[in-house]
Amino acid sequence: MKAYFKFELSQFIKSKKNIAIYVLLLFLACFYALNIAPSYKPIEKVDAKEIEARYLSREAFLSNFTNENRFTGMAGYGLAIYPKWNWLDKSRLDALNDNKLKQYSKFTSEWYIYSNNITYGSEHFFYSPGYYTHGNLYASEDGYYGYLYSASRYQGYAEGKSKLSINVFEERTALQTLQRLLHSYLPMILMICCVFLTVDVVLKDRLNPSLLKGFPISDWKKLIIKGAVSLIGSIGVIVPLSVGLLLIGIRYGFGDFQLPVPIYSYSGEPSYFNKGEFINITMGSYLLENFILLIFCFMFLISLVLLVSMIIKNEFANLLVAAIFIFNEIFYFKRGIGFFYEVENYPTNYVQVGQILSGYRNYIYNSSALNLGNGLTALGMGTGVLLLLIFLISKYKRYKLV
Amino acid sequence: MWKLLKTNLIIEKSSKKNIFAFIFVALFIIGLAFYMENEDVGNLVALKTSEHQNITSALSQFQVMDASKDGDSNELYKNLNEQQRLISLQRVAAKLDKPDLFANSAIELANLREDAFTLEGYEEVAVYLPTYTVNKLESIFYETLKTLDIPIFKDNLSFYQFLIFLFGILGSIWFIFLAFYTCGIMIEDFRHTSLIKGYPIPFDQYVAAKGISTMSIILIFIVELFLCSLLLIYYRGLGDPTYPVAVFDGNYEIYSIAQYIGICLLYMISIAVFVILLSIILNVLLKNMYLTLFVELLLFALPTLFPRMISLFPYNPFNYMNFTNLLNGVSLDLAHPVALNSTYGLISIGLSIVVLIVVANLFLSTGKLKRV
């Protein structure tokens, strides 16, 4: 069995297609690090000018309207809310000018909570303009999430021991970039790579059947070894990607594993009135959770491809079935349906691993059940069923591998 | 050659790959219809609500000032206030189902926006507003609606309306789909050389037969697109084939849906021929199905990854492979704007096809392949 494993692994590594995938990923990682990452414009940026402009105009208002009790209506409302708001802005501005980053974090966190309390559902105030891009229908919902996320993040900076800098605040360091990417399209790219690496692992044997007559191993064991080799190969895509991270790290710093990552979670059942709250975990445990969930996704995908390879024996079919798994979510996704359907039971719901683990999927699905535990259960049970099917089918002569 | 073509078609008929590709196309169309239904694509009230939000946050960039006609605020501020009023009006018109009011205020809005582009300080608020091209297309669209006196269509899932949306999406993925479908076009035959050797015809004719049989399957895919959409007639009705679509084909023009679909089909067919030839040549050169696929996808992605290339080499056929972006005038809004003309696009792809045929002929008759 060991010999067969070595044989499969060497075939896997020498395959032109697999080398091309790694080279392509290396190209994309470098392209991202050199071209896209520098032009990243965070919505919640650190901008002393912006704070100052807001502070000065409100300060002008406050100094003109001194007697609080004489004004009612909008002016009275302004007099009630601006003093504290302005005090926070002033404290942020001073801390930033004196380069006291801990202080800045502390007041910024408070500022975000205070601003969100006033802005959410208000007709007079707005979140940072970055949320209201042309065509975004859910700008204020995104703003709510973004503000409380930032509040929690800055609280983490203020209380934590990490080394702070403007790059950390704007989430530009290597680890934070990885975190942001896991929150967007990186999981999909990794899974597409996994599918491409696995797609011909069974079917390539049909070209040179005589080669394999020498290995007296049952089909079932062969498949397990092929699956293991694909899994190792899929995890190997980390290598080219880390080159990109290295490039980002040299330019913007690496960040550290103690940095806070806010997780959105509910204390009770989610509903229209009961919104969740953010809890910080460390970057290290967030990335570890991502890694675990990703590996479960890989295992599910690989067993799916192995099964389809056995039954249909066509590489195009492998690609199609795997693509359906990866992209299925867009067909039923709708904001808030998690409240009505038990979306956490579908393995296809866990493709966006970063968004699942940060709770963002819970927020937009309005559910509280999309978490690591349920994900591992759904994917693990799915993989188990697929492996059982593979085991049963491999006993039939009709579905012989070679 | 005809005998071989017949054999090829028989093989294609029973190919599992084709069966799965057919299932994929059908699933894609049905999925798209569900997606549109779920996301409520084209709901005017939701659209205008979000536009209202955008303009309000644009306005929040300014200090509050007197925005009346002879007030002391600057021109852009007045302009944006006026835009906000018109958008509110449109939202009411959409809610109360008053298409005339909607179209009139849309035209007024588009004119205001056009004025705004020249005003001082526009870059500060540009992100909240549509780009110049989008605005221009909207403007001529509503003007046509008004002159032709066509009511604004509300049901985006009726047959013809759905087709615009479908072909709009296809424009972005047609090349990718074809690259996946044709990347192994010759590989199967390299594996079963006895098939090739059984026919005493020159290799170039053999390749031609292969190309023609693949092309005929692709034509069936195109027919399938229409057949699957036909279901919507039963559920949502036929729609109106003369309904206008605003496109950029070198100038800002109005096409009817039928015309629009026509030009999309022309593009789809010429891209199909192009991709088949490219796949054949790359298959011969690289002898690997996946390498062919990756090279094709990379070529397709290059203009997107390096947008400067588009203005440097405007006649590169790969600039025209995403015909949705082409017809929406996306290249006009790049950092280095360039007006891509859809007729030149067809010519460019056509010329490339000729070049590819010549290359294929040279390659395939020099005996490089005969060793297979």
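This is a predicted model: local features need pLDDT of at least 70, side-chain atom pairs count only at pLDDT 80 or more; totals for chains, interfaces and linings use all residues.
## Charges and overall form of chain A

Residues are numbered from 1 along each chain as its sequence is written, chains are lettered from A and ligands numbered from 1 in the order in which they are written, and side-chain values use heavy atoms, with hydrogens and water left out.

Chain A has 18 helices and two strands, taken as DSSP runs numbered from the N terminus (helices: H or I, at least four residues; strands: E, at least two). Its C-alpha trace spans about 95 × 45 × 35 Å along the principal axes. Of the 402 residues in chain A, 52% are buried, where buried means under 20% relative accessible area, exposed over 50% and partly exposed in between, with a 1.4 Å probe and protein chains only. Among chain A contacts with a separation of 6 or more, 75% come from residues 24 or more positions apart; a contact means heavy atoms within 4.5 Å. The accessible surface of chain A is about 18,700 Å², with 63% belonging to carbon and sulfur atoms (Shrake-Rupley method, 1.4 Å probe; for residues, only the protein chains shown count as cover).

## Annotated spans in chain A

An unreviewed UniProt entry places "transmembrane region" at residues 21–40, 185–203, 223–250, 291–309, 316–333 and 375–393 of chain A. Such positions are given in the numbering used here with shortened feature names, and the annotations may be inferred rather than shown by experiment. In the model, residues 291–309 of chain A are 100% helix and 0% strand, with end C-alpha atoms 26 Å apart. Residues 375–393 of chain A are also 100% helix and 0% strand, and their end C-alpha atoms lie 27 Å apart.

## A buried loop residue

A:Thr173 sits in the loop between α7 (166–169) and α8 (174–183) of chain A. Is A:Thr173 buried or exposed? A:Thr173 counts as buried because its relative accessibility is 2%. Beyond its neighbours within four places in sequence, the contacts of A:Thr173 include A:Asn167, A:Ile248, A:Tyr252, A:Phe254 and A:Leu259.

## Chain B

Chain B has 17 helices and two strands, and its C-alpha trace spans about 85 × 50 × 30 Å along the principal axes. Buried residues account for 49% of its 372 residues. Chain B has 25 positive and 31 negative side chains, with the centres of the two sets 17 Å apart.

The unreviewed UniProt entry's "transmembrane region" annotation for chain B includes residues 217–237 and 289–310. For residues 289–310 of chain B, the figures are 91% helix, 0% strand and 28 Å.

## Where the chains meet

In the interface, 38 residues of chain B are in contact with 37 residues of chain A. The two chains bury about 3,400 Å² between them, 71% of it from carbon and sulfur atoms; buried area is the accessible area (1.4 Å probe) that two parts lose on being put together, summed over both. On the chain B side, B:Phe20, B:Tyr290 and B:Phe294 lose the most area to chain A, together 19% of what that side buries.

Note on methods:
Lys and Arg count as positive and Asp and Glu as negative; His and the chain ends are not counted. The place of a charge is taken as NZ of Lys, CZ of Arg, CG of Asp or CD of Glu.
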